[in-house]
Amino acid sequence: MTDHDETLQQVPRSAQDQVIDPMIGTNIADRYVITQCIALGGMGAIYEAEHTSLKTKFAIKTILPELVKSDQITQRFEREAKASSLLNHHNIVKIFDFGRL
């Protein structure tokens, strides 16, 4: 997590089951299928996804749709992904992919 994700909150399972999220079931880049929302924050959401061929789980971080319109926010998101992808430590999430939905 970065400093701007301090409002990130885990989504309780019961709340997930009651809310219909249009992202659930979405196939991204013909590789990842969104299976559930893991957490919600002030700037976006983190989803669990399964790789369609490898059958392995991944986390996918998204920006809220209303924030995607901001060049400043999307550039910050991209810088964060690029910077994080350079790091290699067992306590830091590894970045495998980046792109626009």
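**Entry 1: ground rules**

I call a residue buried under 20% relative accessible area, exposed over 50%, and partly exposed in between. I am working on a predicted model.

**Entry 2: overall layout**

I started with the secondary structure. I find three helices and five strands. Along the sequence I read the order as β-α-β-β-β-β-α-α.

Next I looked up burial. The protein has 101 residues, and 27% of them count as buried. I then took the surface total. Of the contacts between residues at least 6 apart in sequence, 32% join residues at least 24 apart.

**Entry 3: salt bridges**

Side chains of opposite charge can pair when their charged atoms come close. How many salt bridges does the count come to? I get four.

I took Lys57 and Glu48 first. Their closest N and O atoms are 3.9 Å apart. The cut-off is 4 Å, so I keep this pair as a salt bridge. Is Lys57 buried or exposed? I find Lys57 exposed, because its relative accessible area is 62% and the threshold is over 50%. Glu48 is buried, with a relative accessible area of 17%.

I moved on to Glu80 and Lys61. Their side chains meet in a salt bridge at 2.7 Å, N to O. Where do the two residues lie? I place Glu80 in helix H3, residues 71-85, and Lys61 in strand S5, residues 57-63. The pair therefore ties together parts that are 19 residues apart in sequence. Glu80 counts as buried at 17% relative accessibility. Lys61 is partly exposed, with a relative accessible area of 30%.

I list Lys82 as exposed, at 51% relative accessible area. Glu78 is partly exposed, at 30%.

**Entry 4: aromatic pairs**

I describe a pair of aromatic rings by the distance of the centres and the angle of the planes. My search of the whole structure finds three aromatic pairs.

Phe58 and Phe96 form one of them. I read 5.5 Å centre to centre and 90° between the planes. This pair is edge-to-face, because its angle is over 60 degrees. Which parts does the pair tie together? Phe58 lies in strand S5 and Phe96 in the segment after H3, so the link spans 38 residues in sequence. Phe96 counts as exposed, at 59% relative accessibility.

Phe77 and Phe98 also form an aromatic pair. Here I have 6.1 Å centre to centre and 35° between the planes. I call this pair tilted, because its angle falls between the limits of 30 and 60 degrees. Phe77 sits in helix H3 and Phe98 in the segment after H3. The pair links distant parts of the chain, 21 residues apart. I find Phe77 buried, with a relative accessible area of 19%. Phe98 counts as partly exposed, at 39% relative accessibility.

Last, I looked for rings joined through pairs. Which residues do ring pairs link into a cluster? I find Tyr32, Phe58 and Phe96.

Notes:
Residues numbered from 1 in each chain as written. Predicted model: local features only at pLDDT ≥ 70, side-chain atom pairs only at ≥ 80, totals over all residues. Heavy atoms only, no water. Helix = DSSP H or I, 4+ residues; strand = E, 2+ residues; numbered from the N terminus. Buried < 20%, exposed > 50% of the residue type's maximum accessible area, 1.4 Å probe, protein only. Contact = heavy atoms within 4.5 Å. Phe/Tyr/Trp six-rings, centres within 6.5 Å; stacked < 30°, edge-to-face > 60°.
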